Structures are given as structure tokens and as C-alpha cells.
Amino acid sequence: MHERRAQRTRDDDVVGVLAHVVAIDGRRRRHRARGARASVGDDVCGVSLDERRVVPSSSRSSHTASCRMRVIARVITHRGSALNSTSTRSASTLARRARERAVVGNVAARGRGRHVMANSATTTPASFIDAFNDEYLAKHKTFEDNFWATKMNLRGNDVEALTKSFNALETFMGDAETLAKTRELLASKDVTDDQRIVLEQIEKTLKCYIVESKEAVALRESAIAKENALQAARNKQELGYTDVDGKFVSATPTVLRTKIRSSDEECVRKSCWETLRANGPFLCDNGFPAIIAERNRFARALGFEDFYDMKVTQAEGFNKKKCFEMLDGLEEATRPLMHAARDRLKAEKGEDATKGWNTAYALSGELTQLIDPYYPFENAPEVWGRSFGAMKIGYKGTTMRLDLCDRVGKYPNGFCHWPTPPFKKTDGTWVPSESNFTSLATPDEIGSGNTALTTLMHEGGHAAHFANIVQGSPVFAQERAPFSVALAETQSMFLDALCEDAAWQARYAKDRKGNVIPWELIERNIRQKHPYKVMALRGMIAVPYFEKALYELPEDQLTTENICRVADEIEEKIQGGFSGRPLMSVPHILADESSAYYHGYVFAEMAVHQTREHFFRTEGYIVDNPKVGPTLEAEYWRAGSGKPGFLGLVNNLTGKPLSHDAWVKELGEDVEELVKSEREAYEKSLAEATSTSDVDLDMRMLFVHGDEVIADSAENGGFLPACAKFKSWIHDKWPKTVAA
Ligand SMILES: [Zn+2]
């Protein structure tokens, strides 16, 4: 079902919309539901393991795979953020214009002087902070409410209002006067320590949206124009493959990737793969080298070593050197595992299996159907709530809106947004968060329940994180820059990783009659997947290594030949041969906003493993451990995007600097050992299972379907009664879910 879903959207649009997101929402990051994630996700590694997407593969390190999907997912999500809910093309145009305006407009905004709060000479720090917070929140929420209404196609939704509210937010964030006033207050003597923390964060945030050098602004505009031209060329490109009978079949990149994974005909797989590889010369012949050169000049004008250095510093707060010191350690430590996995692949499936167009196919399996009954779709919200509740995760009064099922007219990509980022007002009043979450489930399709559940664990993890950010301004909890990608993903991936633990499955993977998933299925999955997990990691780190090399090429060496050669060399070095997902076909490398930040996912994955190891060492277990929620809240969540930042937080919680040790240890674990320890965990978990009658997540949850409110925990007597109402609504609408 995911394939079908994803095929609806054109990958060609990725660049354009990503590009426009810069305009539309600054460097906003988005999360999308897995409903649309799966089919595109596989392309990231080229080691696509079909059922990996839907089977919780019971090994502790297996979420690497789903995480990579998340990576690509993010791109699609950006695409999903097109302003115009009906036409991506017109949205792109609109966006492009908006973005062009954003670059110049931030400086121009100075002249408009519409922010009263910044103009008064007598403004006190407290009144400035209050005014800033109120205005920010009002603009942010208006935009997000319009965004939700248009994407969900609610009655009376208004694309004009969406555009207007976006522009208002953009102007506000780009106002140089507000930045000047913030700095003036920071320089004054009457600022308290608490106020200083807030003002510094406001400054840090505004700086992400205002380019303060004229030279840099000009370079930026030029790079954007080139990126738009490249996008236009891509829009006209006709892609496809040669069928078994020699016929040309046109196909989107998504279809090409799906075919590489699933077609039984080697010639078809090869043809699809060759089309993806041809993307390299195509991009280079259509301006990609000049874009790289200009991005570098832009970054250098702002004092950075190169574009990569700028992106990593802005996103994560440490420089390129530090970033690659950490990646180098991981690369070196996993190199022998990669070679071992390739040798094993040859031994098990034959020499041909290591060819770029064959690996993913050779590693795909058929467990999806067998595990499906243990993940009934309609039970997913309840399972998520019970699992989080048992870990004492609370949402501090959040209102969460879930629109989980597909319908005609609904936007074809899932996402999770926060119309209200929470904060504590200067008078101490708590403003709880509000989140909107949508996916595109068809409840009676195979795999939909598992997808819904892992998505809820992931996005519900993001929502828990943001709900618990307790700072003096909503800018600490907005999912835009300068929020660390690595920090945000660490939280969601830590929580969705649980779905792959045998201990978790023993408690929560149950069929409609209440039978627990049998151990045999879990074991089979471990044996199939575990030895090849390192290949996913190598596919993941190949992207930052390639981009590093790309931005380090001297300008006069930025030729088609050199760029494609570098891509091949990195694939050979990092992945051991040609990748099933050629590096030049990775959509992230193109658009300004998605380029040079892939490392964020690698670090998040590292942090997830280190955090898990910490809990196992200190607590012995994670699943249903009531100390997990409070620990995460205190150590990881409260600070938001303020100090001490991602690396500091990981160090504080785990007691040591972020390292790859825990991750590498898991990948290198012997299969027999893993089977043994997971079996013990499974049996212990089963034996100790208790049932709770109530779930309290300290939130109001609404199940909606467009304008229809299916259930509301505030009106239906709590979380579980709301889940029960949702369940019967699903049974009514999709009767097959009752019969199953
Ligand atoms: Zn995420």
C-alpha cells in the first residue's frame, strides 16, 4: 500500500518543494507519517529489506533501517508542505516567489517597521519578551491552523489565508529591527539571568532567518535562481525503464526504486538502476556544479570554511571537523562488519547479489503477511498510549489531534506539526502544546496496523518531547531552525525502537483475540536481518561523506566527470561497491535546505543506542519502566533547543560523550547470542506482564477524520474510552477489520 501511495506523488517535485520550504517556513523540519514513508525510504540504503518496513524486526539495532526511511521521509515531508493543497506545481511557483522574497525581504523588512514591540525606546526586557512571545505564537498558530485546514481539506479552508499567514510569520521572523532590539536589551544591565536565556534564544532563532551580509544575500539569490533552473529541467525530464519485452515504460524515481527491490526480472532491476545512476550526469549538466560553487561562496562570505561547515554548525552547534571526527570513528569501526556482511551475502545468495541492482532484491523476504495479524490497526492508538503510559510519559496538558485514515481530498503525505509550541509566560502561566498528526492508513490493508503503531511511537515521541519543553518562549520548542535534527530524532527514534524489542512485542504485539506474537516469527526475523544491518548504516553514512567531498572540491574542479567519479569512489569505499541507491540520486543533496545535514540522523542513531545502553546498564530494562519517562523529561526534553544542546544533553543523561560504541557493539553481536538474549527478554516480559485499567498521558486526544470528530478523550471519559470509540468507528467503516 505504501508503494501505491508514494507513487501518487512525483519525486521530481522533491527539489522544488524542498527549495520552497526555505521560503515557506525558513528551515523548518517536518515529520511525516510512515504511511507514505516506506516505499521511498528504501532507496536510501539500497539494501532494501521489504518487510523490514512493517515487521518489527525484534533486534535492538534494527531501527536503523526505519530511521533511514525517516531520513528520506523528511524530504517527502518537505514536499508535503506545499502551500497550495491542490497543485504542487503552482505551490512550487508560489513558494519560489516567496523564497526569493524571503532572502531579500528579510533585509527589506527593516523598512516596514511594523513591530511595535521593537520600536519603543522604553521597552523593558519583560515587556519585550511578552510581546515577542505573544506575536510569535499568534502568527505561528494562525499559519499552522490554516496549514492543517488546507491539508485536511476542511470545510471553509482558504489557500489565500494560508499564504497570507505564512507571509506574516515570515516577515515577523525576518525582521532585522527585532533582532537589533534583542541585542540592545542583551547589552543592557537590567536583564535577569532568566531573561538573558530567553533573549539569547530569540537572537539565535532570528539569526537563522536573517542574512546580515549584503554580499551573502546576493550569492544566496544567485544560488536560488540556479536551483530553480535545475528544478525546472528536472520537471521536464522523462524517466523510465526498459521492460522485459524491450518496451520503454515511464516511471517516477519512486517506482524505479520499488522495482529495484521487487521486480523478479534482473534486466528490469538493472534498467531502473541505470536510470537512477543517469541522474548524476543529468544534474551536473544542468547547473549542479555551479550551485555547489555558489553555496560555498555564500558560506565563506559568512565566515565558514565551506557550505557543509556552515550547515552543520547552524544545525548542530559544532563544526564540520568535529562532525567528521565522530563519523570517521563510526566508519572505521564498522568497515570490517560491512565486508563480512558482503561476504556473507555472496556466500548465501551468490556473487551477483552484491551488484547494485540485485542486493535489495536478494535481501527481501516475506514475513509481512505472517506478522500482520499481531498488529490490528484499530488497536494501534491504545497500544501506543499503554506503552507510553507504562513508562510514565506525560504530555503536560497537550491537545493532540489525530487524523489517521486516508480519504478522498486529503493531502497525500502524512506529517506532524505543532500549532502551539509550549512555553512558560513571564508571569509563570503554562501554555501547553497543541499538536496535529496525520497519516494515510487504509485500516484493512496488510501492514497498516504495524505502520500505524510504529508511526505513533515515533511521532508520539516527537510530540512528547516538544510537549515537555519548559522554557520562557515558544521559540525553544518550535520545530524550525535552530532546533537540532539530531536531538529531535533521538527522542522519536528511541521510542519507536521499542517496537523492535522482543520484550515490547511480548507485551504489545497481539492479534484481535489477544494472542501474543509467537517467538518463532521474531526469531526468523532476527536471523534474516541482523547480519545485514551494517549495510544500512553504511548506506546512511555514505551521504555525508559524499557531500563533504563535493563541497571540498575546488571550484575549478567541479566538473561532471569529477563529481560522478567522487560519488563512485565514496560508494566503493563506504558501501563496498556500487550502491543500489546511487548517491547522485539521493534527493537530499540537491535542495539547499536538505543538503549537508544527513549526519544529523547518524548522530541521532548513535545517541539512541547510547541511551538504550545507559538504561539497560542502570535499570536493566526499558519496556514499561516507569523511570524512563521522567528521566527523558528531566534530562532530554525540558531544555528544548536551548543550552546545553544535543551533545551536552547526551553527555548529561548517559554520563559520557556521544560515541559510536553502543551502536557498533549491537551490530557486531553474534546472531546466536542475540537470539538467545532476545528470547530471554521475550519470556521474561511475558511472564511479568500485568494489565492496567487506565491510561493517563495528561493530554486531550481527539480522533478526527477531516471535519468529523470521531472521539474526544475530554468528552468521552478519558483516553481508553476514546480509543474504544475510535475502534468501533474503524470496525464500522472497514468491516473486514472485524472479521479478521
Ligand atoms: Zn522524526
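**Close-up views of a predicted model**

**View 1. Helices α7 and α8 pack at an angle of about 150 degrees.** In this predicted model, α7 covers residues 125-151 and α8 covers residues 159-173, and their axes lie 9 Å apart. Because angles over 145 degrees count as roughly antiparallel, α7 is roughly antiparallel to α8. The crossing of the two helices, α7 and α8, is left-handed.

**View 2. Residues of α7 and α8 form the contact between these helices.** From α7 come Glu135, Tyr136, Lys139, His140, Thr142, Phe143, Asn146, Phe147 and Thr150. From α8 come Val159, Ala161, Leu162, Ser165, Phe166, Ala168, Leu169 and Phe172. Sorted by class, the contact of α7 with α8 holds ten nonpolar, five polar and two charged residues. An α-helix has 3.6 residues a turn, so residues three or four places apart point the same way.

**View 3. Helix α12 is largely enclosed by the rest of the structure.** This description applies because nine of the ten residues of α12 (residues 253-262) are buried. The buried residues of α12 are Pro253, Thr254, Val255, Leu256, Arg257, Thr258, Lys259, Ile260 and Arg261. Across the protein, 57% of the 740 residues count as buried.

**View 4. Five strands form an open sheet with mixed pairing.** The strand order is β4-β7-β3-β8-β9. At the edges are β4 (415-420) and β9 (708-712), each of which pairs on one side only. On average, and with direction ignored, neighbouring strands of this sheet are turned by 20 degrees against each other.

**View 5. Strands β3 and β8 pair in the parallel sense.** Strand β3 spans residues 398-405 and strand β8 spans residues 699-705, and five bridges link the pair. Threonine 398 stands opposite methionine 699 in β8.

**View 6. Helix α32 lies across strands β8 and β9.** This helix is made up of residues 719-733 and runs at about 140 degrees to β9. Strand β9 is an edge strand of the five-stranded sheet.

View 7. Among contacts in the protein between residues at least 6 apart in sequence, 81% join residues at least 24 apart.

Terms used. Residues are numbered from 1 along each chain as its sequence is written. This is a predicted model: local features need pLDDT of at least 70, side-chain atom pairs count only at pLDDT 80 or more; totals for chains, interfaces and linings use all residues. Axes are lines fitted to C-alpha atoms, for helices over the stretch in contact, and angles run from 0 to 180 degrees between N-to-C directions. Helices (H or I, at least four residues) and strands (E, at least two) are DSSP runs, numbered from the N terminus. Angles under 35 degrees count as roughly parallel, over 145 as roughly antiparallel, 65 to 115 as roughly perpendicular and the rest as oblique. A crossing is left-handed if the near helix is turned anticlockwise from the far one by less than a right angle, and right-handed if clockwise. Two residues are in contact if their C-beta atoms, placed from the backbone, lie within 7 Å. Ala, Val, Leu, Ile, Met, Phe, Trp, Tyr, Cys and Pro count as nonpolar, Asp, Glu, Lys and Arg as charged, and the others, Gly among them, as polar. A residue is buried if 20 or more other C-beta atoms lie within 10 Å of its own, exposed if 12 or fewer, and partly exposed in between; C-beta atoms are placed from the backbone. Two strands pair if DSSP finds at least two bridges between them.
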